Amino acid sequence: MTEPRGPVDSSRVPRFAGPATFARLPRLDEVSGADVAVVGVPFDGGVSYRPGARFGPAAVREASRLLRPYHPGLDVSPFATQQVADAGDIAVNPFDIGEAIETIQDAANGLQADGTRLVTIGGDHTIALPLLRAAAQRHGPVAVLHFDAHLDTWDTYFGAEHTHGTPFRRAVEEGVVDTSALSHVGTRGPLYGKQDLTEDEKLGFGIVTSADVYRRGADEVADQLRQRIGDRPLYISIDIDCLDPAHAPGTGTPEAGGLTSRELLEILRGLAGCRLVGADVVEVAPAYDHAEITSVAASHVAYDLISLLALQGKRETADE
């Protein structure tokens with residue numbers, strides 16, 4: 001096995017210099033192949049309130065310059081045990097949601113064709129649907145762990161079936177997710193009515209609210225989630241607005257009373273050993289950010305996801 005090519009050496013090139021690939025990793029075209037590809041989707045045509053998430057991938061990459069190669073919390077060097085590369089951005093039509101969804105799905109299928117796993121940076125949450133389709137095409141219906149202030153299981157907005165508030169209803173309807181292992185984490189705030197919760201439950205989702213995390217703690221929540229997921233292939237979708245606006249002001253639909261960045265990271269670390277097959281981090285809208293608070297949080301979340309994939313790779317190697 002060829003030794004993975006890691007980030008640019010910060011003792012030779014200052015972190016603020018050079019191309020802003022994710023974590024200063026090589027581009028995908030600079031390596032022979034990748035175990036994990038970080039790919040951006042600069043699309044926000046499905047937002048219902050504040051636009052701007054199309055600039056999220058660039059902001060998260062810029063904030064990731066300070067990431068380092070060893071993760072002490074998980075005791076793993078995610079860039080040394082697997083080849084991680086930046087696949088650039090998927091260029092999608094900003095005026096046609098349907099075409100954009102097809103483009104994202106085709107690109108994800110192409111990137112995953114050789115077994116590469118994706119950590120995708122959005123973009124708004126509309127992009128989760130084509131990514132789930134691509135994951136299911138490779139792994140079958142996947143368990144979903146959805147971190148978000150909102151349910152994102154509404155039916156339509158203004159008659160539109162594909163928006164950032166509908167991807168998980170569409171995913172259930174299309175059969176690309178395992179309805180015995182679906183969970184929301186971090187939900188809070190007002191709803192249109194109690195029927196939103198009733199309909200969400202009928203789709204198969206369990207809910208861990210932000211208040212639940214506060215009262216029960218990250219370890220207990222992670223344990224509950226692991227039990228629900230079991231050994232199913234798992235897709236994690238993280239809307240950065242699951243964090244409180246104090247920790248993520250730069251997002252399109254902020255809600256008070258959210259998770260802290262520490263709680264989110266600790267829950268993710270508690271999922272070590274799960275069969276993670278792909279993930280996304282979405283809804284970073286840097287125009288509303290301050291001092292890169294949101295993009296820094298998102299970059300660390302993506303780093304933790306990559307670290308979980310590194311542990312998953314170790315597990316798969318041990319099982320062979």
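Which side chain does aspartate 223 meet in a salt bridge? Its partner is arginine 226, at 3.0 Å from N to O. This is a predicted model, so keep that in mind throughout. Aspartate 223 and arginine 226 sit three residues apart in helix α7 (residues 218–229), which means that about one helical turn separates them. Aspartate 223 is partly exposed at 33% relative accessibility, and arginine 226 is partly exposed too, at 31%.

Now for the other salt bridges. A search of the whole structure turns up 17 of them.

| Aspartate 44 | Arginine 54 | 2.7 Å |

Take the pair of aspartate 44 and arginine 54, whose side chains meet at 2.7 Å. Both residues lie in the loop between β1 and α1 (56–63), so their bridge ties together parts that are ten residues apart in sequence. Aspartate 44 counts as buried at 4% relative accessibility, whereas arginine 54 is partly exposed at 38%.

Elsewhere, Arg5, Arg27, Asp29 and Glu30 are linked in a network of salt bridges.

Most residues other than glycine have a negative phi, and most peptide bonds are trans. Alanine 23 has a positive phi of about 55°; it lies in the segment before β1 (36–41) and is buried at 2% relative accessibility. Aspartate 152 also has a positive phi, near 55°. Aspartate 152 belongs to the loop between β4 (142–147) and α4 (167–174), and is buried with a relative accessible area of 4%. Then there is the cis peptide bond between glycine 122 and glycine 123, with omega about 20°. Glycine 123 is in the loop between β3 (117–122) and α3 (128–139).

On to pockets and surface. The largest pocket has a volume of about 460 Å³. Of its 25 lining residues, His150, Trp154, Tyr157, Pro190 and Glu255 lie nearest the centre. The lining splits into eleven nonpolar, eight polar and six charged residues. Isoleucine 207 is in strand β6 (residues 205–209) and is partly exposed at 31%.

How values were computed. Residues are numbered from 1 along each chain as its sequence is written. This is a predicted model: local features need pLDDT of at least 70, side-chain atom pairs count only at pLDDT 80 or more; totals for chains, interfaces and linings use all residues. Side-chain values use heavy atoms; hydrogens and water are left out. Helices (H or I, at least four residues) and strands (E, at least two) are DSSP runs, numbered from the N terminus. Buried means under 20% relative accessible area, exposed over 50%, partly exposed in between (1.4 Å probe, protein chains only). On a 1 Å grid over the protein atoms alone, a cavity is a set of points where a 1.4 Å probe fits but cannot get out, and a pocket is an open set with protein on both sides within 12 Å along at least five of seven lines; lining residues have an atom within 4 Å of a point. Grid points are joined across faces, edges and corners, and a volume is the space filled by probe spheres set on the points. Ala, Val, Leu, Ile, Met, Phe, Trp, Tyr, Cys and Pro count as nonpolar, Asp, Glu, Lys and Arg as charged, and the others, Gly among them, as polar. A salt bridge is a side-chain nitrogen of Lys or Arg within 4 Å of a carboxyl oxygen of Asp or Glu.
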